[in-house]
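Open the model in your viewer and keep the selection tool at hand. The tour goes stop by stop.

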Amino acid sequence: MIGEAAVDRTELLVIGAGPYAYAAAGHAQENGIDVRVVGRPMAFWREQMPAGMFLRSGTDWHLDAAGEHTFAAYVEDRGLSPEDLDPVPIAVFLDYTEWFRAHKAFTVDERLVAALDRPDGAFVATMDDGSTITADKVLAAPGIRQFANLPPWYDAVPADRRAHTSELVSFDDLAGARVVVVGGRQSAYEWAALLADHGAQRVDVVHRHPTPTFARVSWAFVDPHIEQTLARRGWWRQLSPGDQQAIAAQFWQVGRLTLEHWLVPRMPAGIVTSHPGCEVTGVAVGEHDVTLDLSDGERRTVDFVVFASGYRADLARVSYLGPVLDDLSVADGFPDLTEDFETSLPGLYMTGFVSTRDFGPFFGFTKGCPASARIAVTAMMQ
């Protein structure tokens, strides 16, 4: 009809522009699906991770479900030396993601989705500029930015004297500072190393579990779990609770209680101190500092507190899902997903961190990107 505006429509709308979104978009594009990707390209990695950060994974982890445009292929194409990528600098991985996007020939619309609805059988995404995109199917890959897990006493620390690790990416202002890092996994100790690199006077790392081991680790134990997920739909959820716990315990031991060996030289004993088996029991705010009482009987007066307290899924925090949230089955903050990553709202798929309850902890890491893309896109084509 004359005067009607053309509808901006696509078969598949991918919301998010991180590794899981890139993997799904690339695989969908190669399989002839008309796909649109919306979001700021690799924004969390670029804006919420320090430029001097290194990855725990090697060049064997990649994004391509087809196994062609892998990290190893990128390294060869760029003429890089694998020996110089141990560990992998975050800047190199970011360059790989853009190389991958160029080879898969999909573009990213950098607008953000303000609201997702499904009024008449099709999905309608209202963008932050007020325009809309209509899609037959949607794959959402919510980043972990909105899932920061914080202890109950977090608000007792003044806002200008605290930060979650996802908020602290520049360390120059903390040169000469006294800092407590709350948490004991890789991010806690890597942020401690970065603080020491930038001249912090003292860094105390406080965590409930024992002091982790610092050693070279192999992530090869994850490979058979990913292969099983591809070979047997619903493999993880079909395991007994005991088997799930055993795998989770191994993942915890290798991935959480064993941290990277290359951190050790960057944490001088006179600057970085560990407080294992310990937690914060009291907070007193001074005019320019904060005093923390620790359960080991010690007290630390510091200039800044870093919360390396991880992430906890809470789908209600994904603001654009507001219009459809009541239609989604959610448990413990996670969406209930089918064996194909589809939510209880037909046509809406979710991958990445929010899928870890139904697919296993490895699907919160880039290792799970190719498998999740293959499973979800295959289901969309049926």
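In what order do the 5 strands of the open sheet lie? The order is E9-E18-E10-E11-E14, with parallel pairing. Strands (E, at least two residues) and helices (H or I, at least four) are DSSP runs, numbered from the N terminus. Two strands pair if DSSP finds at least two bridges between them.

This is a predicted model: local features need pLDDT of at least 70, side-chain atom pairs count only at pLDDT 80 or more, and totals for chains, interfaces and linings use all residues. Residues are numbered from 1 along each chain as its sequence is written, and side-chain values use heavy atoms, without hydrogens and water.

Select the edge strands, E9 (162-164) and E14 (272-275). Each pairs on one side only.

Find Asp204: Thr273 in E14 stands opposite.

Next, select helix H6 (residues 223-231) and helix H10 (residues 369-380). They pack at an angle of about 5°, with axes 10 Å apart. Axes are lines fitted to C-alpha atoms, for helices over the stretch in contact, and angles run from 0 to 180 degrees between N-to-C directions. Show Ile226, Thr229 and Leu230 in H6; they meet Ala371, Arg374 and Ile375 in H10. Contact means heavy atoms within 4.5 Å.

Last stop: helix H1 (residues 19-30). Here 10 of the 12 residues are buried, so H1 is largely enclosed by the rest of the structure. Buried means under 20% relative accessible area (1.4 Å probe, protein chains only). Among them are Tyr20, Tyr22 and His27. Just after H1, Gly32 takes a positive phi of about 80°.

Technical notes: Expected span 1.5 Å × (residues − 1). Buried < 20%, exposed > 50% of the residue type's maximum accessible area, 1.4 Å probe, protein only.
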